[in-house]
Amino acid sequence: MSPKVAGHKTATRQIVCSYNEWDPLEEVVVGVVEGATVPPWDWIAKATMPDHAAWFFKKHGGKPFPKKMIEKAAEELNGLAALMKKLGITVRRPEKMDFSKEYRTPWWKSRGLYAAMPRDVFMVVGETIVEAPMAWRTRYFEGQAYRELMVEYFRDGAKWLPAPKPSMDKHFYSKTYDTDTPYVKGKKQFPITNHEIAFDAADFVRFGRDILVQKSHVTNELGIEWVRRHIGPDYRVHEVEFDDPHPMHIDTTIVPLAPGKILINPSWVKKLPGMFKSWDVLPAPEPANSFDSALYFSSDWLSINILSLDEKRVIVEEKEEPLIRALKQWGFEPIPIAFRNFYPFGGSVHCATLDVRRRGELASYF
């Protein structure tokens, strides 16, 4: 596919600059897991997390994650950072914070979660860092772990665009949502209302000029419209919907790998928007472990939560052998890495990273 270049000024290249998910990666933020705290099993947790995980949250809710879990996950995150440094990529890390400290607003009190998933909190659109307001009370102050980094990027010329945080008061959450009835009269239901702006950055995926977003358990219509209005006329934001009855974060549903090539979760993606009619669609094989009770936050489809370093090389969890074989058959160069101990925290390699700078230009691929 030959993209239509939209005229980025390469002579004034910024330290923050990324337009899609596949241009050559030059700088990345890798999360940290130290200080991670388990959310309580409350109403919003029940609405967004697997039922089989209830025991874990009831046992550990409000307390730090078990020490061994943190140590094993931290080792894998450090291994990911070391790999990318070895490949010549600049790696940045957020501040380590104690998220078990209680905090209050005028309407509620909570404790934090972690700084393990920069992809959830931030999205880079060209030379702008968009900071998401988040939709869980446990994630209200998560962006603070990245504050020094964001100030540094801003000083170096980046645009930094934080969305207004919602109050998360009683009007923010739906009184009628039923976790056992995700559809009412054929219409998908969500645990958050449209009372205030809400979105997680991980519900957006970038294709140059075109950005796809799903309405989800953490992203509402006002949040989508806020992003659409603020990122400017160079970009087109398209709302999409798939067959995931409990959607939250789009990067276990569709994964762009290169211009004209997209990896999909065949369980949830029965039909792609017409804009993909000329693209090669690659259905992902079943995850290596069809059911993993240690996936406390996520579905088995963390298997496709992978990170492209360029149009060929992609980092994949080493035990996802069916996917590794499929990627090789499709002409990609998978780089296996141990990351299974990070899965229980709710993400894989894509979630754990934020691509700050990729070497490329703004283009249209549709």
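Modeller: A residue is called buried here when its relative accessible area is under 20%, and exposed when that area is over 50%. Please keep in mind that this is a predicted model. The UniProt annotation "active site", which comes from an unreviewed entry, covers D200, H249 and C351. These residues span 152 residues in sequence, yet no two of their C-alpha atoms are more than 11.7 Å apart, so they gather at one spot. D200, H249 and C351 also belong to the lining of the largest pocket.

To begin with D200, this residue lies in the loop between β10 (187–188) and β11 (204–207), and because its relative accessibility is 3%, D200 counts as buried. Leaving out residues up to four places away in sequence, D200 touches D120, A132, M134, A135, R139, V218, T219 and H249, so that one of its contacts is itself a member of the annotated set.

Turning to C351, we find this residue in the loop between β19 (333–337) and β20 (353–358), where C351 is buried, with a relative accessible area of 3%. Apart from neighbours within four places in sequence, C351 is in contact with A116, M117, P118, R119, D251, N305 and G346.

How values were computed: Residues are numbered from 1 along each chain as its sequence is written. This is a predicted model: local features need pLDDT of at least 70, side-chain atom pairs count only at pLDDT 80 or more; totals for chains, interfaces and linings use all residues. Side-chain values use heavy atoms; hydrogens and water are left out. UniProt positions are given in the numbering used here, feature names are shortened, and annotations may be inferred rather than shown by experiment. On a 1 Å grid over the protein atoms alone, a cavity is a set of points where a 1.4 Å probe fits but cannot get out, and a pocket is an open set with protein on both sides within 12 Å along at least five of seven lines; lining residues have an atom within 4 Å of a point. Helices (H or I, at least four residues) and strands (E, at least two) are DSSP runs, numbered from the N terminus. Buried means under 20% relative accessible area, exposed over 50%, partly exposed in between (1.4 Å probe, protein chains only). Contact means heavy atoms within 4.5 Å.
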